[in-house]
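Open the model in your viewer and follow along. Each stop says what to select and what is there.

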Amino acid sequence: MSKLNAKELKSLSQTHIHLRQQFVYVLIMDKQTDAPGSIPESVIGSEFMASYPFDITVHTYSGGNLMITDINDKLLIRVKPCNTTFHNQRVLLDTHDTPIVVLREKNMTEHGRWNVFRGNTNANSDLLFTTKTTHLIQRKTSVDVFLTNKKSCKDDCDFKIKGNWSERNCTIYMGDSSTTIAQMQTAQPLENAKFAGDKFVVRINPNVDYAFVVSLIAIVDAMNCCGIKEKLAVQVLKKGGGVLGEVLAKAIVTAVST
């Protein structure tokens with residue numbers, strides 16, 4: 001029997017981990033049929049869902065480019081900037097470079113709103129969901145997600161992203177509940193990785209649309225890449241403080257948005 005080389009051993013080890021994750025999930029669900037994440041959540045497409053928990057790796061590059069791979073370093077989705085004169089935009093592409101969704105920042109707003117459209121369009125009929133920052137001024141990440149085909153009350157968010165983006169520590173929740181659908185964690189460096197760059201791992205819960213999760217990650221990444229106004233406002237709050245600081249911070253946000 002021939003010996004396995006390092007690459008084959010690595011692939012075998014990762015496959016073993018993946019199968020073990022599925023086995024543990026089956027054991028848990030056999031005891032807890034109503035476990036968090038067991039509710040199917042297809043926002044973009046059921047082809048991006050799995051019945052078991054799995055990990056994706058997000059590779060981040062300059063300019064808003066992202067590469068999403070599975071545990072075996074197989075490409076799943078790419079995110080590319082496609083800015084126009086008046087809008088910051090990102091597009092999610094499948095492995096054939098076919099647009100999945102377009103993410104477009106909404107101008108003239110104070111809460112960093114983004115609209116997400118199916119395919120490569122910005123028609124209202126193709127609007128899937130919108131996002132906005134929970135607060136006007138934020139020191140940590142907090143983004144509310146509203147589906148076009150809402151499942152909750154009009155003013156309640158359907159999903160929420162909370163955490164600290166700079167530390168790669170964010171969790172996506174169902175609405176304002178404690179039920180998670182995905183969670184970020186720092187990736188362990190691997191030798192001979194196919195894709196270089198800063199990266200982190202996202203654990204996707206069962207029956208959750210990972211393309212939807214990737215689109216939310218891309219929006220938060222874009223907010224931080226383009227969030228000059230928020231950074232300026234936070235500095236004003238830190239140095240000025242009080243009512244005057246809040247007034248100046250809001251003036252900065254409004255001035256830079258227009």
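**The whole chain**

Of the contacts (heavy atoms within 4.5 Å) with a separation of 6 or more in the protein, 42% join residues 24 or more positions apart. This is a predicted model: local features need pLDDT of at least 70, side-chain atom pairs count only at pLDDT 80 or more, and totals for chains, interfaces and linings use all residues. Residues are numbered from 1 along each chain as its sequence is written, and side-chain values use heavy atoms, with hydrogens and water left out.

Color by secondary structure. The protein has four helices and twelve strands (DSSP runs numbered from the N terminus: helices are H or I, at least four residues; strands are E, at least two). Of its 258 residues, 45% are buried (under 20% relative accessible area; exposed is over 50%, partly exposed in between; 1.4 Å probe, protein chains only).

**Stop one: K80**

Select residues 75-81. This is strand β3, and K80 lies in it. Now show its contacts. Leaving out residues up to four places away in sequence, K80 touches N65, Q89, R90, V91 and L93.

**Stop two: helix α2**

Select residues 210-225, helix α2. Of its 16 residues, 14 are buried, so α2 is largely enclosed by the rest of the structure. Finish at the start of α2: a side-chain oxygen of D209 comes within 3.0 Å of the backbone nitrogen of A211.

How values were computed. Expected span 1.5 Å × (residues − 1). Polar contact = N/O pair within 3.5 Å; in protein donor to acceptor, adjacent residues only side chain to side chain.
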